[in-house]
Amino acid sequence: MKSPISIVQKYYGSQYDVIKEMEQEVIQLINEQLNDQPKETSFIQLLQFLKSNKETIKIFFECNVDNEFPKQVLALDSINNQLEQVTKKDPYIKNYILFGSLETIQQWIDAGCIESCEEIANIINSIVDKLVR
């Protein structure tokens, strides 16, 4: 009987390739769900998706196979369009907001998503509002 690793290597270069493909599928799923949403609610929709899939997302964040995955989660068109509106003046603020938001979301997921999606969105939006004044 073949081992699971040899089966993975037959179809993929390595187990990391499997995870990377799964990450891309998650990004595609998020994009599909958010494209149908009004831009005003897309951030909360993103948080709801992450919360619904928190165990998988936590693995992707911790596994660190693709350093781009967490950034891709927040670099989605619907989220990025909102950020572009607020940070046209300063790209450093945009990066600060992206990485700060990402760290906040990761901490929230690691803690088990105790706060509601709306609470986390309000926390992040409040910080963003203070930064762009």
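At 32% relative accessibility, L131 counts as partly exposed, a label for anything between buried (under 20% relative accessible area) and exposed (over 50%), using a 1.4 Å probe and protein chains only. L131 sits in helix α8. Keep in mind that this is a predicted model: local features need pLDDT of at least 70, side-chain atom pairs count only at pLDDT 80 or more, and totals for chains, interfaces and linings use all residues. Numbering runs from 1 along each chain as its sequence is written, and side-chain values use heavy atoms, with hydrogens and water left out.

Now for the partner across the way.

| Residue | Helix | Relative accessibility |
|---|---|---|
| L131 | α8 | 32% |

Helix α8 gives the most to the patch, with three residues.

Zooming out, the chain has eight helices and zero strands, where helices are DSSP runs (H or I) of at least four residues and strands are runs (E) of at least two, numbered from the N terminus. Of its 133 residues, 32% count as buried. The chain exposes about 8,500 Å², with carbon and sulfur atoms supplying 52% of that; these areas come from the Shrake-Rupley method with a 1.4 Å probe, and for residues only the protein chains shown count as cover. Taking contacts (heavy atoms within 4.5 Å) between residues at least 6 apart in sequence, 68% join residues at least 24 apart.

Inside, the largest nonpolar core has 28 residues, and L50 and I105 have the most contacts within it. Such a core is a set of buried Ala, Val, Leu, Ile, Met, Phe, Trp, Tyr and Cys residues joined through side-chain atoms within 4.5 Å. Helix α7 gives the most to this core, with six residues. Beyond its neighbours within four places in sequence, L50 touches I30, I57, V73, I105 and I109.
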